[in-house]
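Student: Before we look at any details, could you show me how to read strand pairing and a chain contact from a model?

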Amino acid sequence: MNVVETSGLGKRYGGTWALRECTLAIPAGRVTALVGPNGAGKSTLLNLAVGLSVPSAGEVTVLGGRPAGSPAALDAIAFVAQDTPLYKNLTAADMIYVTRSLNRRFDQDYARARLAELGIPPKRKAGQLSGGQQAQLALTLALARRPRLLILDEPVAMLDPIARHDFMATVVAASAGGVSVLLSSHVLTELERVASYLILVARGRVRLAGYVDDLLAAHGQASLEELALAHLRETTPEVTR
Amino acid sequence: MTALTRSGHPDGDDTQLRPVPWRRMAGVTWRQHRYPLAGVAVLLGGLAVWLWIIGRPLHRAWTAAAACHPAAASACQALIGSFNAAATSNVMSDKGPGGVLLQVLPALIGAFAGAPVLAREMEAGTFRYAWTQGFGRWRWALAKLVLLAVALAALTAAFGVLVSWYFQPYGGPQDLYRNSSFGDLFSLREVTFPAWTLAAFTIGVLAGMLIRRVVPAIAATLTASAGLAVATAGLLREHYLTPLVTSNPAPPSTLWIISQWWTRDGRFVFGSPPFSLINQFCSAPPPGRSKNPPFGTFAQCLAPHGYTQWTSYQPPSRFWPFQWIEGGWLLALSVLLIAAAIWLVRRRAA
């Protein structure tokens, strides 16, 4: 089964195509990295996959044919948006309550245990937590929904190296527990050890998609970073200047 | 690290999902909006205490005057006089300080409780959290808006009952204070106050969804709500039902007078008699009348010369029909605005 399938998917804002002619099949049971420079169309693709926005062209389905944004899709996908938006004036405990109320499944014991482990005081307001704690709280809420697919948009962009490492460790543990993960990033280094499927987007188009091992072998590159850089240089000539 | 205890995602029931129950939004809405709701409750509670304090002496004077028999006795006249003195120095009239304060309440409540509901989600980006939960985005918006609207309507209706209690002496026995029951704080009674608050709240919600920023949405809501209230009071309200017309030269002051005009030989002559005509026919006051006659006596002194004064008016019996008409169209407007906001939530692209 594929966790996300798109065919001819496109999204236009005004006269500009943020994403076009995107045809993908992202396999289940893996960590998939969506990589590309800022403004490449990563967030657009993720917003379409979670149903926050509606395609201008083509179609997108999730988890074996469910329309993106449909009740069955929302139920099984947890999404952590860019900059991990939380209600800043609610406490961590309130955020757990709200998320539990808004979903059919919620593993409250897991959420509470995770907060304790992370040293996040339940009575502390979300807005008063550090950036790393806010990211971890958002991730904890998402995982406690027991999703089949976890989608993360630039989850570590704002985090310091330690928070980044801790966050990715949680993602890897979730993946090992059977959750499919799709995450976007413009930073390649933290994806190296984690991702086994790669999608490279630049200037609104998919440039490369496939299993990391296959891609590395086919293109004769030693690492994900080199592979990505090589392709980004090919497709965005202005970078090489 | 705490492991995710996955007992396997229950695949079987995925195709026929039971939606997350509506009632769960009650706790969510309360946790997110308890401060604005508590603010409205404290504000109205404080004003209610104040209204109660200034209303009690008025009610005591009214009860004493109304219970006094025979009304013509000098002791009773003194009681009626003291009631009228209390009633005419009323701080709660449309132009009194209390009345002005109260009349901005619906717009204020609407702006500060309504505008941030969706604008803050858009401004802070939390709509990306809220709209991707299992509850579903249009259900989330509908449940939240209906719950807040009902809570605000209940609070303001209770306050409107108190406002009507305060004005009870004014619509009292005929021989006491006379005033049009439409006159004071028509829009703050138990029907119209919740209706106006709902309208302002929904204007705020929609403005927040369109403008997507809290402060400009509040400003837009205050402007739009105040404009609607002024237009309704000045232009719309008198047309709810066709006014009645009388040629009674001295219409009672309990009527809401819409307009007056004069005819002679069955034809319109003027809206109000020119000074030259008054000087000519009304300069000598009729016996037993004061020098500055109230308007009705112009009609009396001009009548022998073929002039007839016509008055179009709304009778006091139409007070409640007018309350329900105003409440009705405001409720319809509120439903329409909420529907528009939910439609925008449904189609809004991230």
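**Strands and a contact**

Tutor: Let us start with one pair of residues in this predicted model: V4(A) stands opposite V62(A) in β4(A).

Student: Which strands of chain A do the five bridges join, and are they parallel or antiparallel?

Tutor: In general, strands of a sheet pair through backbone hydrogen bonds, either parallel or antiparallel. Here five bridges link β1 (residues 2–13) of chain A with β4 (residues 57–62) of chain A, and the two run antiparallel.

Student: What is the order of the strands in the open sheet, and which are the edge strands?

Tutor: The open sheet has four strands in the order β2-β1-β4-β5 (chain A), with antiparallel pairing. Its edge strands are β2 (16–27) and β5 (66–67) of chain A, each of which pairs on one side only.

Student: Where does R203(A) take a positive phi?

Tutor: R203(A), with a phi near 50 degrees, belongs to the hairpin of β9(A) and β10(A), which has two residues between the strands. Strand β9 (residues 197–202) of chain A and strand β10 (residues 205–211) of chain A run antiparallel and are joined by six bridges; within this pairing, V201(A) has V206(A) of β10(A) as its bridge partner.

Student: Turning to the contact, how many residues does each chain give?

Tutor: Chain A contributes 37 residues and chain B contributes 29 residues. On the side of chain A that touches chain B, the elements giving two or more residues are α2 (71–76), α3 (92–101), α4 (108–118) and α6 (161–176) of chain A. The residues of that side of chain A divide into 21 nonpolar, seven polar and nine charged.

Key:
Residues are numbered from 1 along each chain as its sequence is written. Chains are lettered from A and ligands numbered from 1 in the order in which they are written. This is a predicted model: local features need pLDDT of at least 70, side-chain atom pairs count only at pLDDT 80 or more; totals for chains, interfaces and linings use all residues. Two residues are in contact if their C-beta atoms, placed from the backbone, lie within 7 Å. Ala, Val, Leu, Ile, Met, Phe, Trp, Tyr, Cys and Pro count as nonpolar, Asp, Glu, Lys and Arg as charged, and the others, Gly among them, as polar. Two strands pair if DSSP finds at least two bridges between them.
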